[in-house]
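Subject: Structure handover

Hello,

Please find the structure below, followed by notes on what was found in it. Have the model open while you read.

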Amino acid sequence: MRSSYFYSLVFALLTSASIAAVAAPLVTAEPPKTSQVMDAASVSKGGKVDLNGADAATLQKELAGVGEAKANAIVAYRETNGPFASVDELLEVKGIGKAILDRNRDKLEVN
C-alpha cells in the first residue's frame, strides 16, 4: 500500500515537471543586428554617409527628407548602375531633387 502511494506521488511529480517544461516559453538568443555593423561602416568618423556603402536604413536615418521609399530607390539605383561616382549623381535617382541634395550635401561622401 505504501509503495503504491509513493509511486503515485512520484508519478504526479514527474508529470507536473514535464508539463511545466513543455509549457515553458522557449528562450532563444537574439540574432546580432547587422544594421549596426553597417551603420558603423557606412558613416565615417567625420559623420558623413558613404553613398556606395550605406544601406537603406542608414540612408533613411541619417539624411533629411529621405524616407524609406527614397532610401530604397537610392540603393536600387546603386545596384542597377554601379557605385556613385560623385554626390551630384544622386540627382539621377527618382525622388531626389536639388533641394534634398543641397540639404544633405555636407553629410554625403562617395568612397
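Start with Arg105, which forms a salt bridge with Asp88, the closest N and O atoms being 2.8 Å apart. A salt bridge here is a side-chain nitrogen of Lys or Arg within 4 Å of a carboxyl oxygen of Asp or Glu. Arg105 lies in the loop between α5 and β2 (108-109) and Asp88 in the loop between α4 and α5, so the pair ties together parts that are 17 residues apart in sequence. Helices (H or I, at least four residues) and strands (E, at least two) are DSSP runs, numbered from the N terminus.

Before the rest, two notes on the source. This is a predicted model, in which local features need pLDDT of at least 70 and side-chain atom pairs count only at pLDDT 80 or more, while totals for chains, interfaces and linings use all residues. Residues are numbered from 1 along each chain as its sequence is written, and side-chain values use heavy atoms, with hydrogens and water left out.

The salt bridges

The structure holds 4 salt bridges. Besides the Arg105 and Asp88 pair, they include one between the side chains of Asp102 and Arg105, at 3.6 Å from N to O. Through shared partners, salt bridges join Asp88, Lys98, Asp102 and Arg105 into one network.

How exposed are Lys98, Asp102, Arg105 and Asp88? The terms are buried (under 20% relative accessible area), exposed (over 50%) and partly exposed (in between), with a 1.4 Å probe and protein chains only. Lys98 is exposed, at 56%. Asp102 is partly exposed at 40%, Arg105 is partly exposed at 32%, and Asp88 is partly exposed at 41%.

Leu101

Leu101 also lies in helix α5, which covers residues 98-104. Because its relative accessibility is 1%, Leu101 counts as buried. Not counting residues up to four places away in sequence, Leu101 touches Val87, Asp88, Leu90, Leu91 and Leu108; contact means heavy atoms within 4.5 Å. One of these, Leu91, is 10 residues from Leu101 in sequence and 7.2 Å away in space, C-alpha to C-alpha.

Arg78

Arg78 lies in helix α4 (residues 68-81), and its side chain reaches the backbone oxygen of Ala54 at 2.9 Å. Leaving aside neighbours within four places in sequence, Arg78 is in contact with Leu51, Asn52, Gly53, Ala54, Pro83 and Phe84.

The whole chain

The chain has 5 helices and 2 strands, and from the N terminus on its elements run α-α-β-α-α-α-β. Of its 111 residues, 26% count as buried. Among the contacts with a separation of 6 or more, 42% are between residues 24 or more positions apart. The accessible surface of the chain comes to about 7,800 Å², of which 61% belongs to carbon and sulfur atoms; the areas come from the Shrake-Rupley method with a 1.4 Å probe, and for residues only the protein chains shown count as cover.

Regards

Methods:
Polar contact = N/O pair within 3.5 Å; in protein donor to acceptor, adjacent residues only side chain to side chain.
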